[in-house]
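User: I would like to learn how to read a protein–DNA model. Please take me through the features one at a time.

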Protein chains: 2
Amino acid sequence: MSLEKFRLTSQNCCDCQIRYRAVCAHCENDELAQLENIKFYRSFEPGQTVVWAGDRMDFVASVVSGVATLNQTMEDGRRQMVGLLLPSDFVGRPGRLTATHDVTAVTDLVLCCFRKAPFERLIRDVPHLGSRLLEMTLDELDASRQWMLVLGRKAAREKIASLLAIVAQRMAALAGDRTPDAGMAGAGMAGGPASGPAEPGLLSFDLPLTREAMADYLGLTLETVSRQMTALKTDGLIRLEGARRIVIPDLPRLVRAAGDDADGGMVDQTR
Amino acid sequence: MSLEKFRLTSQNCCDCQIRYRAVCAHCENDELAQLENIKFYRSFEPGQTVVWAGDRMDFVASVVSGVATLNQTMEDGRRQMVGLLLPSDFVGRPGRLTATHDVTAVTDLVLCCFRKAPFERLIRDVPHLGSRLLEMTLDELDASRQWMLVLGRKAAREKIASLLAIVAQRMAALAGDRTPDAGMAGAGMAGGPASGPAEPGLLSFDLPLTREAMADYLGLTLETVSRQMTALKTDGLIRLEGARRIVIPDLPRLVRAAGDDADGGMVDQTR
DNA sequence: CGGCCGATTGAAGACCCTCAAGTCGCGTGG
DNA sequence: CCACGCGACTTGAGGGTCTTCAATCGGCCG
């Protein structure tokens with residue numbers, strides 16, 4: 001099983017599915033070669049823990065395929081998901097010895113790992129690597145601040161809509177990178193591409209999260225998540241095919257239900 | 001007024017209060033000289049807006065003295081604070097044309113600004129600068145994820161305690177850098193230093209936030225903040241001297257009330 | 001003094017959580 | 001084939017926490 005996954009993943013950076021999205025995105029071929037020297041792949045099955053918070057972590061990594069979560073836990077058991085890691089996302093922190101959060105695979109997961117010490121050297125010596133990592137970290141920071149608004153100020157229904165809209169958009173962007181059936185478990189699109197303002201924006205995807213994981217992301221209970229999911233379904237904002245497959249008939253409408261502007265709340269360069 | 005502030009701030013980087021904490025912390029003297037060429041100071045009064053979300057922003061900056069907030073606003077007026085900027089914190093994002101959040105001064109504020117285009121060049125050319133910015137951004141990301149736990153999973157009382165504990169610790173760390181009365185409005189300590197496990201940890205500081213700002217930070221209403229503040233006061237966890245000055249007789253106890261472990265959860269994970 | 005702003009306090013109710021059944025899908029084994 | 005068990009999900013009823021709306025208090029400044 002683990003070996004099978006191993007073989008599915010190209011060992012050659014040039015053919016890699018996340019070649020132009022991951023931390024290595026801006027690297028030239030010679031720089032890629034240096035990364036190849038210190039990289040190795042690791043596979044995980046759903047539910048497996050990649051690292052526990054506080055554990056020593058001797059590598060950093062890119063998610064090649066699959067989905068993982070970053071979780072924070074309190075002593076009494078309360079949990080908050082603080083990151084949802086999709087393909088091309090970066091795991092771990094250069095310049096730190098131990099992990100700050102639990103990292104858990106929620107689907108079959110393949111990581112492209114780099115030994116930490118040499119990676120830290122490359123960050124210094126390869127400008128394209130350091131600048132890309134900075135850029136990705138700044139993006140992560142923006143995303144996590146966006147999420148603070150969701151957690152702090154949105155009602156349960158808006159929270160669910162926000163999660164679905166964001167995952168849908170990220171899945172669609174990833175699916176655009178490659179053949180629809182490659183890599184991520186079940187990720188793909190039906191209907192037209194996500195962009196195009198005249199289009200209804202029909203798209204569908206497998207949401208690889210249990211109700212409990214969604215609740216942990218949104219600061220809700222799983223019961224509330226379930227109730228709001230059926231509410232969104234009866235209101236026609238989403239359709240459910242089985243428990244996991246989500247169909248979004250009208251993305252702008254869902255985005256409005258999330259409390260954001262129809263354009264997705266992203267950059268607004270006017271004013 | 002603005003001129004007075006201007007003069008209070010040293011123009012010489014070597015004498016700067018935030019010399020060893022800000023983005024320039026790791027720079028050598030010659031590198032500092034390059035920064036000095038592109039820097040300029042700007043002062044703001046309480047309530048003034050530094051930039052609006054969506055506005056074009058031609059500089060990045062370090063907070064020299066005072067406190068500012070990073071706010072996100074929804075169309076219907078709901079607001080969430082996504083960052084609390086204290087001296088040495090970095091403002092703005094290299095590689096982006098417009099601001100993503102409102103930045104507002106909550107006290108008298110002095111920014112050490114760098115023109116963006118040349119600063120972006122320095123990030124590439126001066127390794128000490130780029131690596132420090134990456135480090136600070138990773139720290140910010142950790143802090144914002146810590147805050148997601150507060151927003152998503154903590155009760156009102158724990159939220160307040162978390163805010164007070166974090167601000168107290170940051171203020172104490174800053175005050176340790178320099179003479180107690182320099183720079184930040186009213187920031188200082190009474191009693192022993194914050195560290196030292198045998199000590200009760202008595203400390204006090206001016207909390208430069210209105211109840212409304214605290215509510216915006218915590219995802220609460222200002223009424224709830226007020227109620228929980230008086231509850232903490234009657235329970236002896238804090239004392240109030242006037243509306244703004246906070247005395248914390250027993251920091252570990254406050255940290256426990258925040259739901260965190262007594263060590264503060266902020267484990268020093270440096271290599 | 002009067003006006004204003006921030007903070008406090010009170011009462012009623014909405015929203016979400018807690019606890020508890022009950023359902024659905026699916027693989028196992030009698 | 002169907003009973004059984006298991007995990008994920010759904011649905012229901014009741015209660016608690018926080019919000020909402022409103023009145024009051026207190027300090028500051030003209």
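Analyst: Start with a cut-off. A polar contact is a pair of N or O atoms within 3.5 Å. Now apply it to this predicted model. A polar side-chain atom of B:Thr224 lies 2.4 Å from a phosphate oxygen of DNA strand D. B:Thr221 also reaches a phosphate oxygen of DNA strand D, with a polar side-chain atom at 3.2 Å.

User: How many residues surround DNA strand D, and which are the closest?

Analyst: For this, a residue counts as near when one of its heavy atoms lies within 4 Å of the strand. DNA strand D has 17 such residues around it. The closest are A:Arg211, A:Ser226, A:Arg227, B:Ala156 and B:Thr224. By class, this surface has 5 nonpolar, 6 polar and 6 charged residues.

User: What share of the atoms of DNA strand D within 4 Å of the protein belongs to sugar or phosphate?

Analyst: The share is 59%, and the rest belong to bases.

User: Next, the secondary structure. Which element gives the most to the surface near DNA strand D?

Analyst: That is α7(A), with 5 residues. Helix α7 spans 222-234 in chain A and in chain B, and each of the two supplies at least two residues of this surface.

User: Now DNA strand C. Which residues are closest to it?

Analyst: A:Ala156, A:Thr224, B:Arg211, B:Ser226 and B:Arg227 are the closest of the 16 residues that surround DNA strand C. B:Ser226 has a polar side-chain atom 2.7 Å from a phosphate oxygen of DNA strand C. B:Arg227 has one 2.9 Å from a base nitrogen of DNA strand C.

User: Which helix gives the most to the surface near DNA strand C, and what is the make-up by class?

Analyst: α7(B) gives the most, 5 residues. Again α7 of chain A and α7 of chain B each supply at least two residues. The classes are 4 nonpolar, 6 polar and 6 charged residues.

User: What rotation superposes chain A on chain B?

Analyst: A rotation of 180° does, with 0.0 Å of shift along its axis and an RMSD of 0.0 Å. The two copies are therefore related as by a two-fold rotation axis. The same surface serves both copies, as 89% of the contact residues of chain A recur in chain B.

User: How do I read the size of the interface between chains?

Analyst: Interface size is often given as the accessible area lost when the parts come together. Here about 4,600 Å² is buried between chain A and chain B, and carbon and sulfur atoms give 53% of that. On the side of chain A, the three residues A:Arg145, A:Met148 and A:Arg153 supply 17% of the area that chain A buries against chain B, more than any other three residues. The contact takes 53 residues from chain A and 50 residues from chain B.

User: How many salt bridges are there between chain A and chain B?

Analyst: There are 12 between chain A and chain B. The side chain of A:Asp142 meets that of B:Arg96 at 2.6 Å, N to O. A:Asp142 also forms a salt bridge with B:Arg93, at 3.2 Å, N to O. This second pair runs from helix α4 of chain A to the loop between β6 (90-91) and β7 (102-105) of chain B.

User: And how many residue pairs are in polar contact between the two chains?

Analyst: The count is 25 residue pairs, with both residues at pLDDT 80 or more. Elements giving two or more residues to the side of chain A that touches chain B are β4 (68-73), β5 (79-85), α3 (116-125), α4 (127-153) and α6 (211-218). The largest share, 18 residues, comes from α4(A). By class, this side of chain A has 20 nonpolar, 14 polar and 19 charged residues.

Definitions and conventions: Residues numbered from 1 in each chain as written. Chains lettered and ligands numbered in written order. Predicted model: local features only at pLDDT ≥ 70, side-chain atom pairs only at ≥ 80, totals over all residues. Heavy atoms only, no water. Least-squares fit on C-alpha atoms with pLDDT ≥ 70 in both. Contact = heavy atoms within 4.5 Å. Polar contact = N/O pair within 3.5 Å; in protein donor to acceptor, adjacent residues only side chain to side chain. Helix = DSSP H or I, 4+ residues; strand = E, 2+ residues; numbered from the N terminus. Nonpolar A, V, L, I, M, F, W, Y, C, P; charged D, E, K, R; others polar. Buried area = accessible area lost by both parts, 1.4 Å probe. Salt bridge = Lys/Arg side-chain N within 4 Å of Asp/Glu carboxyl O.
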